[in-house]
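I opened my notebook to look up a few things in this structure.

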Amino acid sequence: MPLFKRAPRPTPDAQLRKHLAPRLERLAGAEGDAVIPALSALVAALRPRRRERLQPAARLHALAGLLRSQPEARATLRATLMKLLAEKQAIHLFSDAGILSSEGFSTALSRRVSQGLLPDVVNTEYLKDVFGLLFHPRDDYQWMRAAGTEAWLDLVNALDFETGHAAEKRKLGQQIVAAMEVLSYRITSIGLEPELVRNHAAIERHESPFLTQNAEMRAFVDEWRSAATDKREHAVDGRQIDVLLDQCTEIIAKIRKQAAKTGASVSLTTLLVRLEQSITRFRELMDLLEAPPAMRNAQSVTLFLQLVESVNRRHSVRDLFRQTSQLLAQRITGHAGKTGEAYITSTRREYFGLFRAAVGAGFLVALMAFAKITLSEGSYAPFVEALRYSALYAGGFVLMSMCHWALATKQPAMTANRIAQSMDAREGKDRLEGLAEIIVRTLRSQFIALFGNFAMVIPLPIILSIAYLMQTATPYVTPVQADYLLHQIDPLAWTTWLWAAITGLWLFLSGLISGYYDNRAAYGRIPQRLAQLRGLRRLLGVTRTQRFANWVEHNFGAIAGSFYFGIMLGSTGALGKILGLPLDTLHVTFSTANTAYAAMGLSEPLAAIDWARAVAGIAVIGSLNLGVSFALALVVAMRSQGVEFDETGRLLRLLLGQLLRAPQRFIWPPPEPKPKPVAEAEPAADSR
């Protein structure tokens with residue numbers, strides 16, 4: 001038995017309270033600007049350390065318990081916070097934090113870079129700068145969100161803001177109302193922008209809710225300020241303003257729907273995002289003003305966490321690139337999604353139509369591969385080589401687009417946006433079943449397109465090689481060239497994987513380019529402008545000019561994407577030579593055609609192991625071509641639509657179930673339902 005009994009080890013909660021108590025004592029003795037460092041020390045005590053086992057919520061609960069047990073500390077902290085919120089200028093924090101800026105990309109980038117190198121002078125008269133001092137680490141918002149709303153709500157309830165401080169509450173309310181007034185004027189200003197009027201002309205013909213909400217807001221502000229002066233409850237509620245904001249939101253939805261047809265500019269997309277964010281913030285502040293005491297704390301916590309995150313990330317260059325890419329994606333991917341509909345077949349008629357289009361593309365690829373081998377003879381400067389290959393590829397792909405032939409590798413970049421749209425559809429069982437059905441149709445269409453391409457890129461090179469041999473008595477591909485072509489598709493060579501992935505990247509970019517030019521044609525009304533050209537109408541006639549304009553409307557994006565894709569394929573190898581880097585491209589259909597040409601040029605037939613290696617290499621190239629382009633396109637499409645999909649496991653189980661029940665549906669379309677026979681009309685009853 002020990003002589004001295006060891007003191008019990010303090011509990012983690014007791015340790016936390018002991019750690020927080022000195023910070024509260026320091027806050028009690030702080031006055032003036034010394035309050036901010038004292039509050040910063042308290043926040044630092046709440047901030048969890050790295051590798052700390054305790055969850056962030058534990059410190060908040062500990063502080064809440066300490067405040068409940070020490071009324072003096074609770075009163076001190078509450079008074080400090082209320083004074084800070086009431087006396088500091090909070091309008092910019094409430095009206096600007098978290099709202100997309102109207103400045104251009106280059107201006108925003110230079111400002112954020114300069115802020116990182118040489119920050120602005122901190123003005124503690126503004127609450128936004130005070131937030132920056134209290135929550136200065138750029139990742140503070142992460143642990144604050146990780147703590148959970150319940151922990152923060154427990155702390156706010158422990159502070160008991162409903163007790164006293166009537167003057168400070170009135171001042172804070174006036175600042176919130178002033179911020180709402182700023183947001184209201186911003187909503188009005190954006191609602192009158194020509195970009196919005198162009199896409200929704202009814203704004204000019206009818207009374208605009210963007211204007212009327214501001215008139216209602218002015219009446220609300222006047223009544224609020226009068227009530228604050230008279231120290232009474234205001235007599236105007238925000239229900240009418242809420243109705244008008246609903247009408248504004250409906251107009252935004254109509255403009256987005258119209259922009260999907262007529263195109264959208266980056267400026268229009270930016271205006272719509274700013275407008276939606278401003279309306280959302282306005283409603284949050286309105287709800288905070290009119291919320292009953294039982295709900296006010298929860299709404300305050302939600303807004304507080306949003307503001308802290310916005311302040312933490314206001315100088316983030318990564319966020320700027322993310323926002324800009326999302327705006328560009330919203331502009332581009334809508335038309336790519338409409339183009340992708342043509343690559344997803346539903347009926348057997350569409351299925352076999354896609355097969356015929358794929359056969360045509362395979363025929364042209366076999367001829368292009370034949371010409372590429374001819375162009376590769378001899379030595380040329382990198383620029384000349386890039387010019388020759390780019391002309392071949394671009395001309396071939398443009399011809400393929402004009403003939404409406406289907407290259408299987410272009411499908412993933414086009415169909416990804418359609419799949420992303422299905423992810424953002426109705427929630428629940430119907431949503432997953434519809435998404436699974438679209439994926440099955442996409443895989444089935446991808447299969448028949450690949451089959452149609454291979455149906456030509458394998459036999460046609462053999463036929464051409466035999467014809468050339470019979471005509472010249474020499475093989476078209478020499479054994480040295482054949483060895484080089486087969487080495488390019490070696491699945492064990494790292495360059496095969498790299499070059500196939502680069503081709504997948506180019507396929508993805510060509511899809512974006514197609515969407516960009518489709519959007520540009522629609523937004524710029526290029527077909528309508530072509531149709532009204534007097535010189536063109538005199539040359540072709542009115543009817544042919546209109547047909548040409550319609551053709552441009554439906555093919556401009558596809559031709560532009562094909563042209564740029566050809567340039568990217570043709571110039572990558574030359575660029576690698578200029579930079580001294582092992583860069584090139586490998587396209588699955590061209591590689592298959594080259595393999596057939598190489599097999600016909602060897603002096604001896606390929607052994608079984610060599611055939612197996614060639615097939616494996618083609619499989620690797622095809623998987624990377626399709627996988628990289630689809631993955632990138634899907635990420636961009638989901639980002640553009642703000643889609644977050646967290647039901648991957650259920651979707652995979654649903655697809656696996658369909659695969660086990662009816663595997664043929666993944667490669668063969670089901671029969672179309674027969675139309676129901678029309679029932680014969682019953683003979684009229686005898687009137688006698």
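**Entry 1: cysteines.** I began with a definition: buried means under 20% relative accessible area, exposed means over 50%, and partly exposed lies in between (1.4 Å probe, protein chains only). I looked up C403 and found it partly exposed, with a relative accessible area of 33%. C248 is buried, at 0%.

I noted that this is a predicted model, where local features need pLDDT of at least 70, side-chain atom pairs count only at pLDDT 80 or more, and totals for chains, interfaces and linings use all residues. Residues are numbered from 1 along each chain as its sequence is written, and side-chain values use heavy atoms, with hydrogens and water left out.

Next I looked for disulfides. A disulfide is a covalent bond between the sulfur atoms of two cysteines. The search counts a pair of cysteine sulfur atoms within 2.5 Å. I searched the whole structure and found 0 disulfides.

**Entry 2: salt bridges.** How many salt bridges does the rule give? The rule asks for a side-chain nitrogen of Lys or Arg within 4 Å of a carboxyl oxygen of Asp or Glu. The count comes to 12 salt bridges.

R145 forms a salt bridge with E309, and the closest N and O atoms are 2.9 Å apart. This pair links distant parts of the chain: R145 is in helix α8 (residues 140-147) and E309 is in helix α16 (residues 293-312), 164 residues apart. Helices here are DSSP runs (H or I, at least four residues), numbered from the N terminus. R145 is partly exposed at 41% relative accessible area, whereas E309 is buried at 19%. I also noted a network of salt bridges that links R145, E309 and R313.

R283 forms a salt bridge with D246, with the closest N and O atoms 2.2 Å apart. R283 lies in helix α15 (residues 266-290) and D246 in helix α14 (residues 239-262), so the pair ties together parts that are 37 residues apart in sequence. R283 is partly exposed, at 22%. D246 is partly exposed, at 33%.

R613 forms a salt bridge with D490, with the closest N and O atoms 3.9 Å apart. R613 sits in helix α29 (residues 608-641), and D490 sits in the loop between α23 (479-488) and α24 (494-523), 123 residues away. Is D490 buried or exposed? D490 counts as buried, because its relative accessibility is 13%. R613 counts as partly exposed, at 42%.

**Entry 3: a helix crossing.** I turned to helix α18 (residues 348-375) and helix α28 (residues 588-601). Their axes come within 9 Å and cross at roughly 65°. Axes are lines fitted to C-alpha atoms, for helices over the stretch in contact, and angles run from 0 to 180 degrees between N-to-C directions.

Which residues of α18 meet α28? They are V365, A366, M368, A369, F370 and I373. From α28, the partners are T589, F590, A593, N594 and Y597. Contact means heavy atoms within 4.5 Å. By class, the contact of α18 with α28 has 9 nonpolar, 2 polar and no charged residues. Ala, Val, Leu, Ile, Met, Phe, Trp, Tyr, Cys and Pro count as nonpolar, Asp, Glu, Lys and Arg as charged, and the others, Gly among them, as polar.

**Entry 4: L460.** L460 is in helix α22 (residues 459-472). L460 is buried, because its relative accessible area is 11%. L460 touches F363, A366 and L367, not counting residues up to four places away in sequence. The C-alpha atoms of L460 and G362 are separated by 9.0 Å, although the two are 98 residues apart along the chain.

Methods
Helices (H or I, at least four residues) and strands (E, at least two) are DSSP runs, numbered from the N terminus.
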